[in-house]
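Let's take a friendly walk through a protein model. Have the sequence and the 3D view ready, and look up each part as we come to it.

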Amino acid sequence: MIDFQLKKYLDGPQGKMLLEVQAQISPGTFLCLYGESGAGKSSILRMLAGLMSPQEGYIYMHKTCLFASEKQINLRPQLRQIGFLFQEYALFPNMSVRQNMTYALKKGQNKQIIEDLIEITALGDLQHRRPGTLSGGQQQRAALARTLVQQPSLLLLDEPLSALDRSMRNTIQDYLLDLHRKYELTTILVSHDVGEIIKLADQVLVLEKGKISKLATPLEVFTHRQISGKFQFTGELLEISQEDVIYVLSILIGRHLVKVVADKSEVEQLTVGDRVLLASKAFNPVIKKLE
Amino acid sequence: MLDWQPIILTFQLAFVTTCLLLIISIPLAAWLTHTKRKIKPVIETLVSMPLVLPPTVLGFYLLVVFSPANAFGQWLDTYLGLQLVFSFEGLVLASMLYSLPFMVQPIQSGLSNLPAHFREASFMLGKSYSTTLFRVLLPNIRPSLLTGIVLAFAHTIGEFGVVLMIGGNIPGKTKVASIAIYDEVEALNYSMANQYSLFLFVISFVILLMVYLINGGYLKGFGK
């Protein structure tokens, strides 16, 4: 069980913002942090990892106290036994893939784990290459393997796939799921990609301006929205295409072609040529005066 | 015939100074890069002072401080047996102070230009700061290290004012090449002065050229 309460003022894009969150994550959960950029997702990961200090709060991992402002406990990142995967991969350029992994070994740790991880992530052919000679996807795969060498029980992923193309993402998502299950990890992933979240996560924590606005399963968060009717249009369905695990619908509304995402259950009821109702809550519409 | 003694002494001084400087500059530059203490700008200023200060000022104060007529100089002499005025050891110390910014600044800028996630990734892998520094950070700033080493070396070869103030002109002990030139000119021995000068000119040119070639990637497999 990971139990945390964090409070910190952050300098966001819209000035100072109070990040105030509290959550409990049961072991083995694959949790996604979802929200606009600047909502505080990465900051939460960095505070859990010890790379950033909260002003107030606590972090307990399996009853071990990692941080407690009242008791003045603040464990260094080195002592937290948490795996952290960076968006920029952060492989060390002066070492080969295998050397990067060997570097991660604890004192006296059995080296067999490296062979296992190289096999699982299919790095065999790449293990003696330097990171600079690898593609983004290969680097992130190597970084993922390196993160798991110390066998952390908590894995933090800070938008690790956002710089990769779609097919590469798919491959690494599969590795992530495999490793998450095999090593019984608790995983927290920061992601913007709804398809990715639906595919990977058991739970989604939605952040809005530093506060948790929702904690539910991906399907509840992304598909069971109530129609408030703020924006509502009717149109003709022109095309259904599948991308990843989600579907993209092309709908002609008036003279405008609009592309929207849909999930499988929605698509099953639809055929091309149908008249459809399209509604959105439109929290934050752009308003411009026209000449 | 050219007396090689001053030239040999110059290189001895430059070599010893550079080695010792490297040892103290790495922790100093690392501290300056990563500290959040308020005293940092003061230390940075002190390190950079030799860049703007006339060498004679530095030399003068060292002379005063280390003079056996002074309490500190006397203490050094009595308890450590160190004579820092008009001696090779004194020259090394003065040169180290004088060349400090040339070593510290390239290393510091190299370290601060490295992305923070290298350091953070190493910390997350459970590695201490010193392990991170020596196995991850320094190997990735080799061009900066090389620049620091070479600049400190070349700058020590080229110093004059500090050496003259604290070292004087003792043949075989403190008479380095730059002093020898001054000496020969004073004695109106222009051809000798020219030989020393030409030698220093060529050596400095070659050393700096090496830095630019290596850091510019013209010589493959070294530096980068």
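## A leucine and its core

Setting aside residues up to four places away in sequence, A:Leu48 touches A:Phe4, A:Ile59, A:Ile82 and A:Leu156. Keep in mind that this is a predicted model. A:Leu48 and A:Leu156 turn up again in the largest nonpolar core: together with A:Cys32, they have the most contacts inside it. This core has 116 residues. Helix H5 of chain B, residues 88-113, gives the most to this core, with 11 residues.

## Chain A as a whole

Now step back and look at chain A. Its secondary structure comes to 8 helices and 15 strands, and its C-alpha trace spans about 65 × 50 × 40 Å along the principal axes. Of its 291 residues, 34% count as buried.

How do contacts in chain A reach along the sequence? Taking those between residues at least 6 apart in sequence, 67% join residues at least 24 apart.

A:Tyr34 gives an example of a contact across the sequence. You will find A:Tyr34 in strand E3 of chain A, residues 30-35. A:Tyr34 and A:Ser191 are 157 residues apart in sequence, but their C-alpha atoms are 5.9 Å apart in space. Beyond neighbours within four places in sequence, A:Tyr34 is in contact with A:Ser191, A:Ile197, A:Val204, A:Leu205 and A:Val206.

Is A:Tyr34 buried or exposed? A:Tyr34 is buried, because 25 other C-beta atoms lie within 10 Å.

Helix H4 of chain A runs through residues 136-148. At 1.5 Å a residue, its 13 residues should span 18 Å, and the end C-alpha atoms are 19 Å apart, so the two values agree.

How many of the residues of H4(A) are buried? The count is 11 of 13, so the helix is mostly covered; among them are A:Gln138, A:Arg141, A:Leu144 and A:Leu148. The buried residues of H4(A) pack against strands E7 (82-85) and E8 (154-158), and against helices H2 (97-104), H3 (112-120) and H5 (166-182), of chain A.

## Two helices in chain B

Move over to chain B and find helix H1 (residues 5-34) and helix H10 (residues 177-186). They pack at an angle of about 150°, with their axes 8 Å apart. That angle makes H1(B) roughly antiparallel to H10(B). The residues of this contact divide into 5 nonpolar, 1 polar and no charged. On the H1(B) side are B:Pro6, B:Ile7 and B:Thr10, which meet B:Ala177, B:Ile179 and B:Ala180 in H10(B).

B:Ser95 sits in helix H5 of chain B. B:Ser95 counts as buried because it has 27 C-beta neighbours inside 10 Å. Leaving out neighbours within four places in sequence, its contacts are B:Leu13, B:Thr17, B:Thr156, B:Glu159 and B:Val162. B:Thr132 is 37 residues from B:Ser95 along the chain, and their C-alpha atoms are separated by 30 Å.

## Two positive phi angles

Most residues other than glycine have a negative phi. A:Gln81 is not a glycine, yet it has a positive phi of about 55°. A:Gln81 lies in the loop between strand E6 (73-74) and E7 of chain A. With 19 C-beta neighbours inside 10 Å, A:Gln81 counts as partly exposed.

A:Ala122 also has a positive phi, near 55°. Look for A:Ala122 in the loop between H3 and H4 of chain A. A:Ala122 is partly exposed, with 13 other C-beta atoms within 10 Å.

Key
Residues are numbered from 1 along each chain as its sequence is written. Chains are lettered from A and ligands numbered from 1 in the order in which they are written. This is a predicted model: local features need pLDDT of at least 70, side-chain atom pairs count only at pLDDT 80 or more; totals for chains, interfaces and linings use all residues. A nonpolar core is a set of buried Ala, Val, Leu, Ile, Met, Phe, Trp, Tyr and Cys residues joined through C-beta atoms within 7 Å. A residue is buried if 20 or more other C-beta atoms lie within 10 Å of its own, exposed if 12 or fewer, and partly exposed in between; C-beta atoms are placed from the backbone. Helices (H or I, at least four residues) and strands (E, at least two) are DSSP runs, numbered from the N terminus. Two residues are in contact if their C-beta atoms, placed from the backbone, lie within 7 Å. Axes are lines fitted to C-alpha atoms, for helices over the stretch in contact, and angles run from 0 to 180 degrees between N-to-C directions. Angles under 35 degrees count as roughly parallel, over 145 as roughly antiparallel, 65 to 115 as roughly perpendicular and the rest as oblique. Ala, Val, Leu, Ile, Met, Phe, Trp, Tyr, Cys and Pro count as nonpolar, Asp, Glu, Lys and Arg as charged, and the others, Gly among them, as polar. The expected span of a helix is 1.5 Å times one less than its number of residues.
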